[in-house]
Each structure stands twice: as structure tokens, then as C-alpha cells.
Amino acid sequence: MSVTIKDVAKKANVAPSTVSRVIHNSPTISEKTKRKVRKVLKEMGYHMNENARNLVTKSTKAIGIVMKSSARESLYNPFFPEVIRGIGDFCNKEGYSLSLTTGETEDAIFEDVVKMVQGRRVDGMIVLYSKKDDKVVPYLLKQGFPFVLIGKPSTNMSGITFIDNDNVQAAREVSEFVINLGHERIAFLGGSPEFEVIQDRLTGFQQAMEQAGVDVRQEYIKLIPLNRTDGIKAIDELLDLKEAPTAFLVMDLLLGVLLHGVLAEKNLKVPQQISVVCFNHSEFIEFLSTPLTTVDIHTYQLGYEAAKCVFDLIANPEMMEKSISIPTKIIKRESHFVAEKEIKRKM
């Protein structure tokens, strides 16, 4: 049987109301009594009935996490476990649990969100993506439900609190890094154009190329879903070009690892023959035969800051929307080389 407040009160030789006040850290109880009661609580293994407490406070003590795709597919990508780790660490400090969408399709994920909101299963939500023609964010806005977006909202949306990197600047900086190595034939690989993050990174890439006086060749731009089949097809098409790229700017770490493997199968050496630079960061890339140069977007911090913001919104639903930009950093490893041909800059 579970230990009750009455059991604790009897052993501590105090009234049940005193035990309740100690649990809720009431200032009306002396520190001496609090220490005595807390010792008994610990000895007896008392655990508060959270369900009963939540009914009183009208709080679920849970935050909903809206995945980009099915949980099974998303959790293969190092970005999602790391961003959830950041969210979870902050929520744990607040005594909150996490509830993830588990739908296998966009429609199923949307239904998960509706059930969470209508059933009051969570106090707030964090949406882990931003894309065009998405149903989730407009629905949450219409419902007036507290939520935070990881990623810049679509241009036709306002009133949204979001956490993001400056993806235009990050892509421009890493593109300039590759250009300054002497590369002219640079491929932009990965990411569906429906996601705002990809559009921003493509813009930054194009800006850097134009500034350097390097032609942006459309055949070098492959905007594709992040999966093995489409990834291999796009990589093969790029490598089969008469003038194949000498450098790849890859939008996702898993796709970068896939590229690394395809190049190895074709006996193309990284970095001696082809440079590879990826967005996102994970410790596992240190185990590759050639560790990849990456753009660290500080994924954990994105999640942690998103959790802080959603708690602010829960506490103050009328709070003005805000945006937080998390800086990025290029981590130079071994997957890039200095090309022999120098770039001819615009005069």
C-alpha cells in the first residue's frame, strides 16, 4: 500500500494538516518541524499523488513535443534526441514530463496535437520545425494554446515566440569558408524546400557565392527529403556531372555521413579529392575515418531555450511574442582541403 499523509503524521506525531503544509513548504511551519517531517517523509518513502494535485491546480505537469515526422524516423536523426535532451533538462528542473507525438504521417501527427489540446493532456507545446502549409502551428494559434516554435515562422505568420539560429548568416559564413579554400564547384545538398530553415540556408549560400563572383549552378543544388534513397540518388547525379562538384555543403549530419559512405564506395577520398562540410554536430562523427567539418547550431541550447520560453508563456499567456537567436560555430576538422585554383573575385 502507498504511504498516506495520515501515516506520516502519525509517525511524526503532528497533525495531517502540518504534513500537508510541509510538503507545500508553507512559511507558517517552523524549520525545526519541517526538518522532522521531511525526515519521516523520506524514511517512509512518501510520494505525492500528482494526479490529485493536478486536478486541483488544473495543470498536467507535462509539455507536448511535436515531431517533424514520425518519432521512429525523427529519432534516427541526431538533431532530435539532442534538442529533446535540452527540453527535457529544463522541464525536469520544473518537475514536468514530456509527451511526444507518435503519428506516422503528417495527418496523424496533427491528430495527436488536437488530442493533446482538446484533452488538456499538456500545459504547453514545443514544435520542432517550421514549414510552409503546416496545419499544426495555425491550429495552436487559433486555439490560443501556449507553444514555442523551433525555427523561424513562415512569412505569413505573426504573434509566435520562436527560437532559431540565423540560418542565412550561418550558411553565408560556412559558404565563404569553403569559397576561401579555393572551391568554385560547390554543391548545396539536402533538405526539402518546404522547410524555412532550408530556404534561409540556400539564401545565405547564394549570397556568399554572388559576393565572391562565383556562379551558382542550378544542377549543383539538390533540395531533397532527408532519406537514404533520395540522398543516394542526388549524390550519384552530382558525381556523374561532367564537371562534378569539388565541395559539398550538406544540410544534415546524417546525409553528410551517407555522402561520406558513397564517396568511399566510389574510391573518392575525403578530403584529398572532395571537401565535405555539414550542418549540425554530434560526437559520433569523430568515429568516421575522416571526421567531418561541421556547423554547430548548438542544438541542446535550442531545446533548453524553447522550454524556458514555453514556461514563460504558460505562466503569462498574454506575454508579447519574442524571438531568440542561438549563435552558430564552424568546427574545423579533416574533411576539407585547399583547392589548387583560386577564386577570381569581383573587382
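Phenylalanine 284 is found in the loop between strand 9 (275–279) and strand 10 (293–296). The structure described here is a predicted model.

**Surface patch**
- Phenylalanine 284 has a relative accessible area of 30%, so the residue is classed as partly exposed.
- Together with Tyr76, Leu254 and Phe287, Phe284 forms a nonpolar patch on the surface.
- The accessible area of these residues together is about 490 Å².

**Strand 4 and its partners**
- Strand 4 comprises residues 147–150, and both of its faces are covered.
- Phe147 and Leu149 lie on one side of strand 4, Val148 and Ile150 lie on the other, and all are buried.
- Strand 3 (residues 124–127) runs parallel to strand 4, and 3 bridges join them.
- Within this pairing, methionine 125 has phenylalanine 147 of strand 4 as its bridge partner.
- Between strand 3 and strand 4 the chain passes through helix 8 (residues 136–143), making a right-handed β-α-β crossover.
- Strand 4 also pairs with strand 5 (residues 162–164) in the parallel sense, over 2 bridges.
- Here isoleucine 150 has isoleucine 163 of strand 5 as its bridge partner.

**Serine 97**
- Serine 97 belongs to strand 2 (residues 97–100).
- Serine 97 has a relative accessible area of 40%, which means that it counts as partly exposed.
- Apart from neighbours within four places in sequence, serine 97 is in contact with Lys61, Ala62 and Ile63.
- Serine 97 and glycine 151 are 54 residues apart along the chain, and their C-alpha atoms are separated by 23 Å.

Key:
Residues are numbered from 1 along each chain as its sequence is written. This is a predicted model: local features need pLDDT of at least 70, side-chain atom pairs count only at pLDDT 80 or more; totals for chains, interfaces and linings use all residues. Side-chain values use heavy atoms; hydrogens and water are left out. Buried means under 20% relative accessible area, exposed over 50%, partly exposed in between (1.4 Å probe, protein chains only). Helices (H or I, at least four residues) and strands (E, at least two) are DSSP runs, numbered from the N terminus. Two strands pair if DSSP finds at least two bridges between them. A crossover is right-handed if, with the strands pointing away from the viewer, the path from the first strand over the helix to the second runs clockwise. Patches are made of residues with over 30% relative accessible area and no salt bridge: like charges are joined within 9 Å, nonpolar side chains (Val, Leu, Ile, Met, Phe, Trp, Tyr) within 5 Å. Accessible areas come from the Shrake-Rupley method with a 1.4 Å probe; for residues, only the protein chains shown count as cover. A salt bridge is a side-chain nitrogen of Lys or Arg within 4 Å of a carboxyl oxygen of Asp or Glu. Contact means heavy atoms within 4.5 Å.
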